[in-house]
Amino acid sequence: MLKVGLIGYGAIGKDLATYFDREHGLNAKITGILVRSPEKISIPPNERCVITNEEDTFFSLGLDVVVEAAGHQSVQQYGVMALAKGAHLVIVSVGALTDDELFSSLKEAAVASKKQLIIPSAAIAGLDRINAASNHTLEEVKLVSRKPPRAWYGTFVEEKVDLKTIKEPFCVFDGYARESAKLFPESVNVSAALSLAGMGFDQTKVQVFVDPTIEKNSHEVTAKGHFGEVSVKVQNTPLLDNPKSSYIVSMSIVKALKNLSAPVVIGV
Ligand SMILES: NC(=O)C1=CN([C@@H]2O[C@H](COP(=O)(O)OP(=O)(O)OC[C@H]3O[C@@H](n4cnc5c(N)ncnc54)[C@H](O)[C@@H]3O)[C@@H](O)[C@H]2O)C=CC1
Ligand SMILES: O=C([O-])CC(=O)C(=O)O
């Protein structure tokens, strides 16, 4: 059974924990959770789970896999350590990898410990196809992300748009992924994942909209190249605890964890 350590126990972390029962066929248990305030965790995912704010305690648990769901800064803080301690590292705050130095350090740590840095598809679709297509020539990869107004509270977008009265879709970003991933650290990590799958941070085109006409978080990917063309649009149900994030993210992490020990792996 895989010993999983979780960094962050917010909307995604808590949703992820609901999959660690017999019913979901995940041959893994949450051994430890690294949080900022352990006293705030009233219901642990299982009674043996160690909940700590001390990295030494967390990283001494003999973890097989560390799953990050705590934001860009936590990838910076703990990513290399997780790999160096001999665990695979699954991250969702992929925008952190726009820091080239950090990304290089993570790759070096993964090579040194013979473990993997794993980037699940999370909230986006089509990464399998675009990553396969990147083995030959890609001409263009584009992402259009849209989220309803309630997903933008607590971000700089509040200063650009009146989120209470907006009636039409409003474009808050039009550019390339390196900038979008940094500008929206909690909301457009998908642009970073897409970049890594395909043409890189500086050639992946991104538009981001506040869209009062939708209820779900939508990400539309289009790409063309030697392989042909692909166009795929997801409409993610937002997490109740955090409308910026989506339920599919934890399901995608579950898939990544299953792949680590499954005899059959589908759709990579
Ligand atoms: N790749 C993707 O498609 C997606 C990626 N994300 C990423 O996942 C992150 C988490 O999302 P949610 O769970 O919805 O956010 P959330 O805000 O509900 O939870 C984040 C939790 O992490 C904790 N945290 C922050 N820094 C920490 C640290 N250094 N050590 C331990 N705990 C720490 C916070 O206290 C909070 O409880 C987002 O910030 C975003 O970067 C989110 C959605 C999709
Ligand atoms: O959950 C989503 O729809 C996407 C998201 O927050 C991100 O990419 O950071």
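Student: What makes E1 and E2 paired strands?

Tutor: In this predicted model, 6 bridges join E1 to strand E2 (residues 28-34), and the two run parallel. Strands pair if DSSP finds at least two bridges between them, so the 6 bridges of E1 and E2 meet the criterion. Strands of a sheet pair through backbone hydrogen bonds, either parallel or antiparallel.

Student: On what conventions do the numbering, the strand names and the values rest?

Tutor: Residues are numbered from 1 along each chain as its sequence is written, while chains are lettered from A and ligands numbered from 1 in the order in which they are written. As the model is predicted, local features need pLDDT of at least 70 and side-chain atom pairs count only at pLDDT 80 or more, whereas totals for chains, interfaces and linings use all residues; side-chain values use heavy atoms, leaving out hydrogens and water. Helices (H or I, at least four residues) and strands (E, at least two) are DSSP runs, numbered from the N terminus.

Student: Why is E1 described as largely enclosed?

Tutor: A residue is buried under 20% relative accessible area, exposed over 50%, and partly exposed in between (1.4 Å probe, protein chains only). In strand E1 (residues 2-7), 5 of the 6 residues are buried, so the rest of the structure largely encloses this strand.

Student: Why is Thr 52 called buried?

Tutor: Its relative accessible area is 7%, which is under 20%, so the term applies. Thr 52 lies in strand E3 (residues 50-52). Residues up to four places away in sequence aside, Thr 52 touches Ile 33, Leu 34, Val 35, Pro 38, Thr 57 and Phe 58, contact being defined as heavy atoms within 4.5 Å.

Student: How do you know that the side chain of Thr 52 makes a polar contact with Glu 54?

Tutor: A polar contact is a pair of N or O atoms within 3.5 Å; within protein, one must be able to donate a hydrogen and the other to accept it, and residues adjacent in sequence count only if both atoms are side-chain atoms. A polar atom of the Thr 52 side chain lies 2.9 Å from the backbone nitrogen of Glu 54, so the distance falls within the limit.

Student: What makes Ala 123 and Asn 189 a single spot?

Tutor: An unreviewed UniProt entry annotates Ala 123 and Asn 189 as "binding site". They span 67 residues in sequence, yet no two of their C-alpha atoms are more than 8.6 Å apart, so they gather at one spot. The lining of the largest pocket includes Ala 123 and Asn 189. UniProt positions follow the numbering used here, feature names are shortened, and annotations may be inferred rather than shown by experiment.

Student: What qualifies as a pocket and its lining?

Tutor: On a 1 Å grid over the protein atoms alone, a pocket is an open set of points with protein on both sides within 12 Å along at least five of seven lines; a cavity is a set where a 1.4 Å probe fits but cannot get out, and lining residues have an atom within 4 Å of a point.

Student: Are Ala 123 and Asn 189 buried or exposed?

Tutor: Ala 123 has a relative accessible area of 11% and Asn 189 one of 13%; these values are under 20%, so both residues are buried. Ala 123 sits in the loop between strand E6 (117-118) and helix H5 (127-133), whereas Asn 189 belongs to helix H8 (residues 189-197). The Asn 189 side chain reaches the backbone nitrogen of Val 94 at 3.2 Å.

Student: Why is H8 called mostly covered?

Tutor: Of its 9 residues, 8 are buried, among them Asn 189, Val 190 and Leu 194. The buried residues of H8 pack against several elements, including helix H3 (72-84), H5 and helix H7 (177-183).

Student: Which residue carries the "active site" annotation, and what makes it buried?

Tutor: The unreviewed UniProt entry places "active site" at His 219, a residue of strand E10. Its relative accessible area of 2% is under 20%, so His 219 is buried. The side chains of His 219 and Ser 145 are joined by a polar contact of 2.8 Å. Among the contacts of His 219 beyond four places in sequence are Ala 123 and Val 190.

Student: Why are E8 and E11 called edge strands?

Tutor: The open sheet of 5 strands has the order E8-E9-E7-E10-E11, with mixed pairing. Strand E8 (170-176) and strand E11 (228-236) each pair on one side only.
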